[in-house]
Each structure stands twice: as structure tokens, then as C-alpha cells.
Amino acid sequence: MKTVLLPCGEAVPALGMGTWNMGDSRSRRAGELATLRLGLDLGCTLVDTAEMYGEGLSEDLVGEALQGRRDEAFIVTKVYPHNASKAGVAAACERSLKRLRTDRIDLYLLHWRGSVPLAETLQAFMALQKAGKIRHYGVSNLDIADMKELWAQPGGQGVQANQLLYNLSRRGIEWDLLPWLRERRIPVMAYSPIEQARLLRHAGLAGFAKRHGMPPAQAALAWLLAQEGVIAIPKTGHPDRLRENVAAAEVELSGEQLAELDALFRPPSKAVPLEMI
């Protein structure tokens with residue numbers, strides 16, 4: 001499995017597993033648990049979740065899936081903006097730890113920016129890090145102005161990732177945010193890498209995939225994995241789809257193929273507002 005270096009020097013898989021909307025259904029639980037465990041077997045040891053996902057149900061699913069295998073996994077979870085105060089972060093972290101059935105979170109992210117000052121959230125993250133409750137901290141859905149403000153705060157340069165909406169059809173971050181992050185070696189964790197399956201219905205991508213002998217999802221993921229400093233976190237509760245996703249890590253797109261995708265999905269020609277789902 002290809003890896004991406006965090007600013008601290010730790011290597012994490014470039015392909016992980018997302019869990020948005022997982023854990024919500026009893027009827028799907030057994031299959032979702034089996035898929036997460038298979039992912040560990042196949043090297044997708046980075047597992048992303050959030051307290052927002054099912055109001056804790058996703059974290060609970062991840063906690064159950066990792067029982068007996070906690071040390072194999074790199075757990076990422078996120079705190080709500082309304083819980084991002086010093087006291088709120090501490091309490092939210094304890095709830096997440098309990099649901100995840102673990103004593104530490106590997107990477108704890110601010111889910112998006114709210115009314116709590118970034119400086120206060122950073123203080124809370126550093127306190128949790130000092131206490132051993134989290135190993136690393138980062139952010140999600142922060143645009144370049146937010147990142148510059150964050151960077152100037154005490155502890156801001158300890159940020160290890162920015163989780164962003166990034167895929168073939170959502171390339172706005174390439175104009176200014178992605179270059180800024182790359183200059184500081186801060187990885188992008190790309191969520192919704194196949195646009196919640198909508199990319200699979202894109203005629204241009206379907207044609208590209210057919211010409212080059214791969215499923216459309218694999219082509220979309222291989223494009224992301226070809227980008228410097230990008231971690232993709234596709235979500236699936238189906239073992240067969242997971243295997244297809246993992247196979248994307250073995251696909252090396254040629255320069256001609258990358259140019260073909262650029263023609264189908266044009267990079268930005270100007271700054272655009274940060275997109276979120």
C-alpha cells in the first residue's frame with residue numbers, strides 16, 4: 001500500500017476507509033463490520049469517522065470492528081464545531097474514546113469551522129495530546145484564509161492534515177489551497193472521492209474506464225492516489241467494492257491517461273469558494 005507522510009514524519013496509508021452513513025442500520029451491520037475488518041487485512045488501516053456520523057453510531061461500529069486489532073489501525077475522528085471549545089473538545093473526545101473502545105485517537109480533526117476561535121480549539125487539542133488522549137490533530141473543511149489564520153496561532157503548525165472534498169469533479173482546491181498545503185507538507189484527506197457514487201454515472205469517466213480496462217471507481221481513485229500528498233477515504237460497506245477500491249492502489253496512470261482525465265475534468269482557472277458536502 002502506498003503511504004503518505006504526515007508532517008510529523010509518520011507514514012499512513014494513502015488509501016483508507018470512510019464510514020459516513022455506516023452503522024445506522026442493524027440489517028447492514030454484520031456486512032459493514034466484515035468489510036472494515038477485511039480492509040485491515042488488505043492494508044487499508046486508516047479508518048475515518050466522526051462524532052457527527054449517526055451521532056456516534058459510526059464511531060461505535062468502528063470500535064466494534066477494531067476489537068482485538070486496535071494496534072493495526074490508524075483512527076481518524078472529528079469533533080463538531082459547536083463542541084470545539086476547550087471544555088467541549090475534552091468532553092467530546094471522551095465520548096468518542098468510549099464509543100471507539102480505545103484509549104487514544106490517532107488523528108483528531110475539527111470537522112469544520114464554527115464560532116469557537118481557532119486558537120481555543122488548538123489549545124484544547126494540545127492539552128489532549130499532552131494527556132495522551134490523541135496522538136495528532138488536524139482540521140477539515142478549512143479554506144486557505146482559515147489555514148493561514150490557523151498557521152499563525154500557537155500550535156497551528158502542528159496540524160497534520162486538512163480533510164477536504166476533493167475528487168475529479170471537485171478540483172477547486174488546486175488553485176491556491178492545495179499548493180499552500182503542499183508547501184507545508186500538510187496532506188489532503190480527500191473525502192467523497194467518487195462524489196457519493198455520482199462520478200460512476202459520468203459518461204466521460206465511464207468511457208475512459210472502459211478504454212483502459214478498469215471500473216470507473218478505480219479510475220477515480222487511481223487519479224487521486226496519483227496526486228502528491230493526498231489520502232483518499234472512500235466509503236463502502238460491501239467487501240467486493242472494497243477489494244475494487246484497494247486494487248486502485250495498484251493502478252499507475254500514465255501521463256497520457258492523466259492528461260485525458262484533465263481534458264474530461266478541467267482543473268480550476270480561477271479561485272473558487274471551498275466546496276463542502
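The model is a predicted one, and the values given here are computed from it. Helix 1, at residues 26-41, packs with helix 9, at residues 239-247, and the axis of helix 1 also comes within 9 Å of that of helix 2, at residues 57-65. Elsewhere, the count of cavities of 30 Å³ or more comes to one.

**Helix 1 with helix 9**

- Two packed helices are described by the angle between their axes and the distance between the axes.
- For helix 1 and helix 9 the angle is about 25 degrees, and the axes lie 9 Å apart.
- Because angles under 35 degrees count as roughly parallel, helix 1 and helix 9 are roughly parallel to each other.
- The crossing in which helix 1 passes helix 9 is right-handed.
- On the side of helix 1 the contact is made by T35, L38 and G39, while helix 9 brings P239, L242 and R243 to the contact.
- Sorted by class, the residues of this contact between helix 1 and helix 9 comprise three nonpolar, two polar and one charged.

**Helix 1 with helix 2**

- The axes of helix 1 and helix 2 cross at roughly 60 degrees and come within 9 Å of each other.
- With that angle, helix 1 and helix 2 are therefore oblique to each other.
- Helix 1 passes helix 2, too, in a right-handed crossing.
- Helix 1 takes part in this contact through R29, E32, L33, L36 and R37, and helix 2 through D60, L61, V62, E64 and A65.
- The contact of helix 1 with helix 2 has five nonpolar and five charged residues, and no polar ones.

**The cavity**

- Rolling a probe the size of a water molecule over the atoms shows where empty space is left.
- The largest cavity has a volume of about 40 Å³, and the count of cavities of 30 Å³ or more is one.
- Its lining is formed by L110, L118, T121, L122, F125, Y137, G138, V139, L150 and V159.
- The elements that give two or more residues to this lining are helix 4, at 118-130, and strand 6, at 134-140.
- Of the contributions to the lining of the largest cavity, that of helix 4 is the most, with four residues.
- By class, the lining of the largest cavity has eight nonpolar and two polar residues, and no charged ones.

Technical notes. Residues are numbered from 1 along each chain as its sequence is written. This is a predicted model: local features need pLDDT of at least 70, side-chain atom pairs count only at pLDDT 80 or more; totals for chains, interfaces and linings use all residues. Side-chain values use heavy atoms; hydrogens and water are left out. Axes are lines fitted to C-alpha atoms, for helices over the stretch in contact, and angles run from 0 to 180 degrees between N-to-C directions. Angles under 35 degrees count as roughly parallel, over 145 as roughly antiparallel, 65 to 115 as roughly perpendicular and the rest as oblique. A crossing is left-handed if the near helix is turned anticlockwise from the far one by less than a right angle, and right-handed if clockwise. Contact means heavy atoms within 4.5 Å. Ala, Val, Leu, Ile, Met, Phe, Trp, Tyr, Cys and Pro count as nonpolar, Asp, Glu, Lys and Arg as charged, and the others, Gly among them, as polar. On a 1 Å grid over the protein atoms alone, a cavity is a set of points where a 1.4 Å probe fits but cannot get out, and a pocket is an open set with protein on both sides within 12 Å along at least five of seven lines; lining residues have an atom within 4 Å of a point. Grid points are joined across faces, edges and corners, and a volume is the space filled by probe spheres set on the points.
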